[in-house]
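The following explanation leads the reader through a single structure, one element at a time. Please keep the sequence and the model in view while reading.

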Amino acid sequence: MSNPIHTFMVKMKEEQTELARAGMLYPKGIPFDHGVQVGIYQGLEKALEILGTVLRDDEDQRNQA
């Protein structure tokens, strides 16, 4: 059985890769559209950062118990 959190993180990173690739291969001509694309990428990055923090805090609590 796979770990759903790990699967989620992998899918988020795949989505970031696709956004970055699309941004380089097909750059947006309208600055607002480019900003939206960058914002989505950064949102995914922030979500991964938060999830990583939550997982580390949980692991720290388990180790202290």
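Pro27 is located in the loop that lies between H1 and H2. The model under discussion is a predicted one. With a relative accessible area of 58%, Pro27 is exposed.

Gln37 belongs to helix H2. Is Gln37 buried or exposed? Its relative accessible area is 11%, and Gln37 is therefore buried, the cut-off for that term being under 20%. Residues up to four places away in sequence being set aside, Gln37 touches Leu19, Ala22, Gly23 and Lys28.

The helix that holds Gln37 may next be considered as a whole. H2 contains 34 residues, which at 1.5 Å a residue should span 50 Å; the C-alpha atoms at its ends are 49 Å apart, in agreement with that expectation. The buried residues of H2 are Gln37, Leu44, Leu48, Leu51 and Gly52. H1 is included in what covers these buried residues of H2.

The relation between the two helices can now be described. In general, a pair of packed helices is described by the angle between the axes and by the distance between them. Here, the axes of helix H1, residues 4-25, and helix H2, residues 31-64, come within 10 Å and cross at roughly 155 degrees. Because angles over 145 degrees count as roughly antiparallel, H1 is roughly antiparallel to H2. The crossing of H1 and H2 is left-handed.

Which residues make the contact? On the side of H1 they are Ile5, Phe8, Met9, Met12, Lys13, Glu15, Gln16, Leu19, Ala20, Ala22 and Gly23. On the side of H2 they are Gln37, Ile40, Tyr41, Leu44, Glu45, Ala47, Leu48, Leu51 and Leu55. Sorted by class, the contact of H1 with H2 comprises 14 nonpolar, three polar and three charged residues.

Gln16 lies in helix H1. Its relative accessible area is 5%, so Gln16 is buried. Apart from neighbours within four places in sequence, Gln16 is in contact with Tyr41, Leu44, Glu45 and Leu48.

Technical notes:
Residues numbered from 1 in each chain as written. Predicted model: local features only at pLDDT ≥ 70, side-chain atom pairs only at ≥ 80, totals over all residues. Heavy atoms only, no water. Axes fitted to C-alpha atoms, helices over the stretch in contact; angles between N-to-C directions. Helix = DSSP H or I, 4+ residues; strand = E, 2+ residues; numbered from the N terminus. Parallel < 35°, antiparallel > 145°, perpendicular 65-115°, else oblique. Left-handed = near helix turned anticlockwise from the far one by under 90°. Contact = heavy atoms within 4.5 Å. Nonpolar A, V, L, I, M, F, W, Y, C, P; charged D, E, K, R; others polar. Buried < 20%, exposed > 50% of the residue type's maximum accessible area, 1.4 Å probe, protein only. Expected span 1.5 Å × (residues − 1).
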